[in-house]
Amino acid sequence: MSNMFKLMTWFSMLCVTGSTLVLGRNNTAKDIFILAGQSNMAGRGGVNHGKWDGNIPPECKPKRSILRFTANLDWEVAREPLHVDIDIGKVCGVGPGMAFANEIIRSHRSRTGIIGLVPCAVGGTSINKWGKGSRLYDQLVKRANEALKDGGGTIRAILWFQGESDTMVMLIEDLCLDLNLPSLPFIQVVLASGEGTITNIDMVRKAQMGIKMKNVKCVDAKGLPLNADNLHLTTMSEVKLGLKLAYAFLLSFSHFH
């Protein structure tokens, strides 16, 4: 039975909650991507004065082949805002995740034809809050492992928007070890603005681009327009970032065929 046929079968048995299609736990193979870091990964596109404008660009429209792992550890059809139940207490908007997933599907390079996004990003968090043994680290590892249960797919990469110091190398090594994926692709966004305790952006950028690990690739957010707060990416900047992340993955990790 093909993955797409299985997915269509789920649609005949799904639970409808509002406008979101909840698929629950399932064992259909998915290409799984973990989204982690700070607010620009969680998504602040279209958020102004504490409200999201609800604008969803075509690149971010939902597809039945793109799923999201909820805070309740269920799969549902993904839609913006992806981090609505993860980055709680904050207003989430458009992030890079949906544009990334749609581009992977459009490229016909998905092994399964189904993308599973696992949101883990939390705004305003320093790198120290992501270290091994921290709540955020443990939550990421738990969510990643839960997403894999019952043969539910393979983790293809971690998409990361955060970075402050050399502790990034240790974090990457720890995650690869604890997820039992020593060569797991780790695609990090080189910062263009500061959040939380980040004060020297140039120093951080230099440290990020100086990481020399075969499984680590960088995409640069510099030059992408920011909201009026000069901190968060605009909606279209988030879209462009999602496409950059997709191209980096497709070009750098050629085994993804």
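This is a conversation about how the labels given to parts of one predicted model follow from their cut-offs.

Colleague: Why is Asn48 called partly exposed?

Modeller: Buried means under 20% relative accessible area, exposed means over 50%, and partly exposed is what lies in between, with a 1.4 Å probe and protein chains only. Asn48 has 37% relative accessibility, so it counts as partly exposed. Pro225, in the loop between E11 and H7, has a relative accessible area of 42% and is therefore also partly exposed. Of the 257 residues of the protein chain, 55% count as buried.

Colleague: What does Pro225 touch, and what makes that a contact?

Modeller: Contact means heavy atoms within 4.5 Å. Not counting residues up to four places away in sequence, Pro225 touches Leu233, Thr234 and Ser237. Pro225 and Ser237 are 12 residues apart in sequence and 6.0 Å apart in space, C-alpha to C-alpha.

Colleague: Why is helix H3 described as largely enclosed?

Modeller: Nine of the 10 residues of H3 are buried, so the helix is largely enclosed by the rest of the structure. The buried residues include Met98, Phe100, Glu103 and Ile105, and what covers them includes strands E3, E6, E8 and E9 together with helix H7.

Colleague: How do you know that the buried residues of H6 share one side of the helix?

Modeller: The buried residues of H6, which spans 201-209, are Ile201, Val204, Arg205 and Gln208. They cover an arc of only 100° around the axis, which puts them on the same side of H6; the arc is that of the directions from the helix axis to the C-beta atoms. On the other side, Asp202, Met203 and Lys206 are exposed, while the cover over the buried residues includes strands E10 and E11.

Colleague: What makes Glu76 and Arg68 a salt bridge?

Modeller: A salt bridge is a side-chain nitrogen of Lys or Arg within 4 Å of a carboxyl oxygen of Asp or Glu. The side chains of Glu76 and Arg68 meet at 3.0 Å, N to O, so the pair qualifies, and both residues are buried. By this rule the count comes to nine salt bridges. Another of them joins Asp87 and Lys90 at 3.1 Å, N to O; Asp87 is buried, with a relative accessible area of 0%, whereas Lys90 is partly exposed at 36%. Arg44, Asp87 and Lys90 are linked in a network of salt bridges.

Colleague: Why is Glu238 said to have no salt bridge?

Modeller: Lys and Arg count as positive and Asp and Glu as negative, while His and the chain ends are not counted. The nearest side chain of opposite charge to the buried Glu238 is Arg44, 7.6 Å away, and that pair does not qualify because a salt bridge must be within 4 Å. Glu238 lies in helix H7 and its contacts include Asn40, Arg44, Val94 and Leu233. Glu80, in the loop between strand E7 and helix H3, is likewise buried without a salt bridge, its nearest side chain of opposite charge being Arg68 at 8.9 Å. Among the contacts of Glu80 are Trp52, Cys60 and Met98.

Definitions and conventions
Residues are numbered from 1 along each chain as its sequence is written. This is a predicted model: local features need pLDDT of at least 70, side-chain atom pairs count only at pLDDT 80 or more; totals for chains, interfaces and linings use all residues. Side-chain values use heavy atoms; hydrogens and water are left out. Helices (H or I, at least four residues) and strands (E, at least two) are DSSP runs, numbered from the N terminus.
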